[in-house]
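Hi everyone, thanks for making time this morning.

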Amino acid sequence: LSICGERGEDAKANKAILEEGFKTLCDFDGDLTAESEAASLYVLTHVHLVKFLLEEGSEKMRAEKKEEGNEDFETVAKMLVDVIGGASFDAACVLKLINEFQGVLHVNVLRMLSSPGESYWIAAGGGIKAVLGTAIFRGLRQLKGYTDRQWGQLHPTTFPNTFTTALKMSPGTGFDLPSLPTGGDTNTICQRKIKSLDDLSASGSNVSLRFVADMSDLRNGCSIITPVGQCAVLGSPFYGQDVEKWYKGEMRKVNWVEEDVRAAAKFSMVFDGKTIPMRKAHCGCTVS
């Protein structure tokens with residue numbers, strides 16, 4: 001394996017990093033647990049492989065088309081990293097957190113690696129040995145910059161609150177619930193999709209609510225869980241109460257029939273059907 005694009009650096013030190021990274025991946029058991037440091041290197045190698053291919057491929061296109069215009073291929077490469085990595089086409093991420101391209105990224109990487117001689121991108125990167133070597137080197141170099149290198153720390157499940165963002169508070173502070181270290185990734189059976197190639201948090205696919213119903217026994221066979229608890233209202237004693245249960249895959253039984261609901265109720269609100277509620281008009285006047 002070889003390293004490309006690292007000019008002016010200590011070649012001997014770089015080679016040592018590459019050899020360490022290669023051995024770590026060779027010894028990796030393929031299990032992306034939250035505690036695994038090898039899992040962190042595996043994902044970061046994948047990330048840097050994609051970025052390197054896009055960088056070199058875009059540069060090759062620039063050289064080939066230099067007489068046809070002045071396209072900003074550096075900008076194009078960055079855009080491709082975002083789009084191919086799964087960045088949402090909805091800037092506000094309201095309708096969709098990610099796009100469909102991320103779902104086929106890993107398959108396309110494996111296809112190129114299995115037939116490197118047929119890949120424009122592998123050729124642009126200097127061949128299979130240069131591509132893999134550079135990706136492993138850059139991945140381990142980035143990983144060494146972290147204090148805690150466990151995959152769960154790089155890949156946490158986050159519970160952001162819109163008030164935290166609106167008040168310009170740092171993620172994980174303010175009204176956000178505590179993040180939790182999470183295993184898995186985009187391509188594991190236990191789906192924990194990363195947000196993008198630059199945001200490795202497990203926020204691309206984690207569902208916020210889980211509901212299971214046994215249609216043959218609704219009274220005893222319905223369960224539900226949501227990480228914000230039974231109440232999503234800030235200040236409620238039940239806000240965030242189920243984070244640990246949700247994280248462990250546990251559920252709460254649903255009281256399905258009226259008898260059970262009344263037995264479990266702590267408070268009740270009664271409407272007499274006669275009193276007309278008062279409301280305020282837009283002008284501030286009270287009307288009925």
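At roughly what angle do the axes of H1 and H6 cross, and within what distance do they come? Keep in mind as we look that this is a predicted model. The answer is that the two axes cross at roughly 95° and come within 8 Å. That makes H1 roughly perpendicular to H6. On the H1 side, the contact is made by Asn-14, Ile-17, Leu-18, Glu-20, Gly-21, Phe-22 and Leu-25, and on the H6 side by Gly-133, Ile-136, Phe-137, Leu-140 and Arg-141. Sorted by class, that contact of H1 with H6 has seven nonpolar, three polar and two charged residues.

Let me step back for the overall picture. The protein has 288 residues, and 35% of them count as buried. Its secondary structure comes to ten helices and seven strands. If we take the contacts with a separation of 6 or more, 57% of them are between residues 24 or more positions apart.

Now back to H6, this time with H2 as its partner. H2 and H6 pack at an angle of about 125°, and their axes are 7 Å apart. The two helices are therefore oblique to each other. As for handedness, H2 passes H6 in a right-handed crossing. Residues of H2 in this contact include Leu-41, Leu-44, His-48, Phe-52 and Glu-55, and they face a set in H6 that includes Val-131, Ile-136, Arg-138 and Leu-143. The residues of the contact of H2 with H6 divide into twelve nonpolar, six polar and three charged.

Glu-55 and Arg-138 form a salt bridge, with 3.3 Å between the closest N and O atoms. That pair links distant parts of the chain, Glu-55 being in helix H2 and Arg-138 in helix H6, 83 residues apart. Arg-138 is buried, at a relative accessible area of 13%, while Glu-55 counts as partly exposed at 38%.

Let me show you two others.

Here is one on H2 again. Lys-51 and Asp-198 meet through their side chains in a salt bridge, at 2.4 Å from N to O. Lys-51 lies in helix H2 (residues 37-64) and Asp-198 in the loop between strand S2 (177-181) and strand S3 (210-213), so this pair ties together parts that are 147 residues apart in sequence. Are the two ends buried or exposed? Lys-51 is buried, with 18% relative accessible area, whereas Asp-198 counts as exposed at 54%.

The other brings us back to H1. The side chains of Lys-144 and Glu-20 meet in a salt bridge, 3.3 Å from N to O. Because Lys-144 sits in the loop between helix H6 (128-143) and helix H7 (151-154), and Glu-20 in helix H1 (residues 11-27), the pair ties together parts 124 residues apart in sequence. Both ends are partly exposed: Lys-144 has a relative accessible area of 33%, and Glu-20 has 38%.

That's my tour, folks. Happy to turn the model around for anyone who wants another look.

Definitions and conventions. Residues numbered from 1 in each chain as written. Predicted model: local features only at pLDDT ≥ 70, side-chain atom pairs only at ≥ 80, totals over all residues. Heavy atoms only, no water. Salt bridge = Lys/Arg side-chain N within 4 Å of Asp/Glu carboxyl O. Helix = DSSP H or I, 4+ residues; strand = E, 2+ residues; numbered from the N terminus. Buried < 20%, exposed > 50% of the residue type's maximum accessible area, 1.4 Å probe, protein only. Axes fitted to C-alpha atoms, helices over the stretch in contact; angles between N-to-C directions. Parallel < 35°, antiparallel > 145°, perpendicular 65-115°, else oblique. Left-handed = near helix turned anticlockwise from the far one by under 90°. Contact = heavy atoms within 4.5 Å. Nonpolar A, V, L, I, M, F, W, Y, C, P; charged D, E, K, R; others polar.
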